[in-house]
Amino acid sequence: MSEQNDHQEQNSVFLNDMYESWFLDYASYVILERAVPTVNDGLKPVQRRILHSMKEMDDGRYNKIANVIGQTMQYHPHGDASIGDAIINIGQKDLLIDTQGNWGDVRTGDSAAAARYIEGRLSKFALDIAFNNKTTEWQLSYDGRKKEPVTLPMKFPLLLAQGAEGIAVGLSTKILPHNFCEIIQGAVKYLKGRSFDLYPDFITGGLIDVSNYDNGKRGGKVRVRARIEAADKKTLIIKDVPYNTTTSQLVDSILKANDNGKIKIKSVTDNTAKDVELLVQLPNGVDADQTIDALYAFTDCEISISPNACVIIDEKPQFVDVKKLLKLSVDHTKDLLLKELQIRLGELEDDWHYSSLEKIFIEKRIYRDIEEETTWEGVINAIDNGLKPYKKKFKREITEEDIVRLTEIKIKRISKYDSFKADEHIKGVEDNIKETKDNIKNLTDYTIAYYENLLKKHGAGRERKTEIRPFENIEATTVAIANTKLYYNKKEGFIGTSLKKDEFAFECSDLDNIIVFRKDGKMVVTKVADKSFVGKDIIHLDVWTKGDDRTTYNMIYVDGKTGISYAKRFNVTGVTRDREYDLTKGNKNSKVHHFSANPNGEAETITITLSPGSKARNKVFDYSFEELDIKGRSAGGNQVTKYPIRSTRLKEKGRSTLSGQKIWYDDAVGRLNKDGNGMLLGSFTADDKVLVFYKDGHYELTDFELTNRYEPEDVVRIELFNPEKVVSAVYFDKKSGSFYAKRFVIEAQTLKNKYLFIKEGDGNYLEFVTTTSEPTIILGVGKRKTELEESKFSIHDEIDITGWRTIGTKIGDKTLKEVSLDDNTKDDTPTLF
């Protein structure tokens, strides 16, 4: 029995050792040979073998991809499927392979045609940067029959341009693609010792917020959005897709959000052809701006991507950032260029050496010295003796190999030898040697010139496709539509969406928080659910918004211990969900006599009737909440009466006791906000409007809802609307080549309708607009903006106030280059410009 146990223990140890050894071998293999790219050339093994095979096949013509796959299988031991997928992946990035045929579409997710139907060849860019047999390190292929590159001599940060993804054992890598031109510009800046930044750029276009990119380090992230525009009040157009998302995925996510009640749409149609175009039709009464926000909040129209740059450096996986990747690649390129220069210098020096030998051999007729020689040794010695007087002219020793090479010169060449051409050739070689040595000496400048030439040669058409801009934070609860009905049982204390036999409260979103007030002076905030117990005797419930400092609650309650009644006004800006809060002094038998919720801090007046048996002289009196300050919810309140209250009734609705709501416009994201970001537009009351002037000559009035969207690049001026102010504007009419000035009062005031107040026509645009009462403008006239003659123009004196549709008065031609408000004119309205 003891021997059997010993045997089992030995087997256990043996298996444990095998597991540790084999698992590490397997993990290392997957990391190094399958999933993670090498920093030197930015390629995984399969990609490297594909490019090497295509170079072997390269004759300038297209090759069937099926043939490329077959050629690559000589080097790659993992089957044709993995090779085919990798080729398609490289080809779709439109950088290294010049494709022909149906290679699929990354935007729609359509797959490529079969390998036998599509063709490809190495692009000119790939041939320029990736191949040089003289600087390539070689190794045997998996079966020992062929030689393949350890890494390709890549003279470009390919990893940053293409990006990479891979999942290995215990780690993964995700490097986002970056813009071709910006990579080269960053490389040049690095070589010049200047700072640089690199941000992702995707072939699918769209918008990107890089605020938290953190140079692509682990833990960083980017937010990517599709570009969505409102074609009209009932139609939204999605013009591109986020990275790694397809139009079909986007449509599915939109339909799912609609089915779940997060958004409300009539239909979504995919019209994608040359360009991405998804049409989203909206039902009546649905706001387009709010729907755009909801699409970003609840669908794949916005995604978050977390980079994780892991690469193989010195045969080990390492985590780096994109700046480090660029620096490593540039240093590697610099080393490769040095190797190429050194190889070229050696070749040029050999050329000079042999050309000079040949010249002396022929011109000094040394070949005649071998006529009498009968042995090979005698021939070699005769030539060597003939060259002795000239050996000092050579830069290196003349070897027997050199002499043997001279003996191989044919008589025909000797007879047709041209000394002038030989001298010109040697002089050209000497110039090239000088230039090469100079390049080696000034290697950094040579490398900069190399990158600049790459940009000039291959940069056209590779401009940034993904627009960088900061995104506003969209609160899901703010943009979610009311997709469910809330019911409540006042007496039993239940609320929920499933209590359809009880009293209907209101429609809300299933993401909302509900605030509940009870007769005993308690308050609780809870999430919308099928059924929740919140306490008996509910007196008020509503949707609660965190941070809401305008909704004010007015309350009168009686303290259960002393019998004294107190009045208080308070906001509820922050709570712990499902925690019960006591709004009274906390004594047993306290109860609420009067309660009201006021969205803008209104303060009503009520009539209070005391109990008939009380000793108070005046048993009926009025009480106005306007006398009370708004305090925290835990405040006890002010004493109203020490006598028992029989009843209260509303006498008069109150006016708001709050000042106007301050609204800012943030031109970085094109949104209104209450957080102090951007330019203060003013203090808004309930009926106030926002006035917006656009570059295309339209004006628009909107409410001040924070869901409104304005395209920052289209906005010339935005302000708090004052209907009494006069608008002064200067615009350009392309057809006549003239600038016109006009003054008018805003007449058409329908919300969210755009009104064209300049002459209609292609190329017409708004140059200047102000609502300052007495504006004087500066007109800059000249052929160039750097040489302008300025003159003052008192627009309020020279131009009469007319209707908003009038053409206006001509004030200049195409030589008018600049219009601005005179510094001495007080601009009494906040403005962007």
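Me: What reaches to within 3.1 Å of the backbone nitrogen of Lys323 at the start of α10?

Reply: A side-chain oxygen of Asp321 does. A polar contact needs a pair of N or O atoms within 3.5 Å, and this pair comes to within 3.1 Å, so the pair falls inside the cut-off. Keep in mind that this is a predicted model.

Me: What makes the span of helix α4 agree with its number of residues?

Reply: Helix α4 covers residues 80–92, and its 13 residues should span 18 Å at 1.5 Å a residue. The end C-alpha atoms are 18 Å apart, so the two values agree. Just after α4, Asp94 takes a positive phi of about 55°.

Me: Which residues of α4 are buried, and what do they pack against?

Reply: The buried ones are Ile83, Gly84, Ala86, Ile87, Ile88, Ile90 and Gly91. They pack against α2 (45–57), α3 (65–72), β2 (97–100) and α6 (158–162). Ile87, for instance, touches Ile50, Ile65, Val68, Ile69, Ile97 and Trp103, leaving aside residues up to four places away in sequence.

Me: Where else does Ile87 turn up?

Reply: Ile87 is among the residues with the most contacts inside the largest nonpolar core, which has 67 residues. Leu96, Ile129, Phe156, Leu325 and Tyr451 are named alongside Ile87. Helix α7 (residues 180–191) gives the most to this core, with seven residues. There is also a second, separate core of 28 residues, including Val251, Ala257, Ala288 and Phe471. As a general rule, nonpolar side chains in soluble globular proteins tend to be buried together.

Me: Why is Thr466 called buried?

Reply: Buried means under 20% relative accessible area. Thr466 has 1%, so Thr466 is buried. Its place is in the loop between α15 (443–458) and β17 (467–468).

Me: What surrounds Thr466?

Reply: Not counting residues up to four places away in sequence, Thr466 touches Asp201, Phe202, Gly205, Gly206, Leu207 and Ile208. Its side chain also reaches the backbone oxygen of Gly205 at 3.1 Å.

Me: Why are Asp578 and Asn589 called exposed?

Reply: Exposed means over 50% relative accessible area. Asp578 has 52%, so Asp578 is exposed. Asn589 has 62%, so Asn589 is exposed as well. Asp578 lies in the loop between β26 (565–570) and β27 (581–582), and Asn589 is found in the loop between β27 and β28 (591–598).

Me: What is the phi of Asp578, and what is the phi of Asn589?

Reply: Asp578 has a positive phi of about 70° although it is not a glycine. The phi of Asn589 is near 70°, also a positive value in a residue other than glycine. Most residues other than glycine have a negative phi.

Me: How do you know that β37 and β38 pair?

Reply: Two strands pair if there are at least two bridges between them. Strands β37 (residues 690–694) and β38 (residues 698–702) have four bridges, in the antiparallel sense, so they count as paired. Leu691 stands opposite Leu701 in β38.

Me: What makes β39 and β42 edge strands?

Reply: The open sheet has four strands in the order β39-β37-β38-β42, with antiparallel pairing. β39 (715–720) and β42 (754–756) each pair on one side only.

Definitions and conventions: Residues are numbered from 1 along each chain as its sequence is written. This is a predicted model: local features need pLDDT of at least 70, side-chain atom pairs count only at pLDDT 80 or more; totals for chains, interfaces and linings use all residues. Side-chain values use heavy atoms; hydrogens and water are left out. Helices (H or I, at least four residues) and strands (E, at least two) are DSSP runs, numbered from the N terminus. The expected span of a helix is 1.5 Å times one less than its number of residues. Buried means under 20% relative accessible area, exposed over 50%, partly exposed in between (1.4 Å probe, protein chains only). Contact means heavy atoms within 4.5 Å. A polar contact is a pair of N or O atoms within 3.5 Å; within protein, one must be able to donate a hydrogen and the other to accept it, and residues adjacent in sequence count only if both atoms are side-chain atoms. A nonpolar core is a set of buried Ala, Val, Leu, Ile, Met, Phe, Trp, Tyr and Cys residues joined through side-chain atoms within 4.5 Å.
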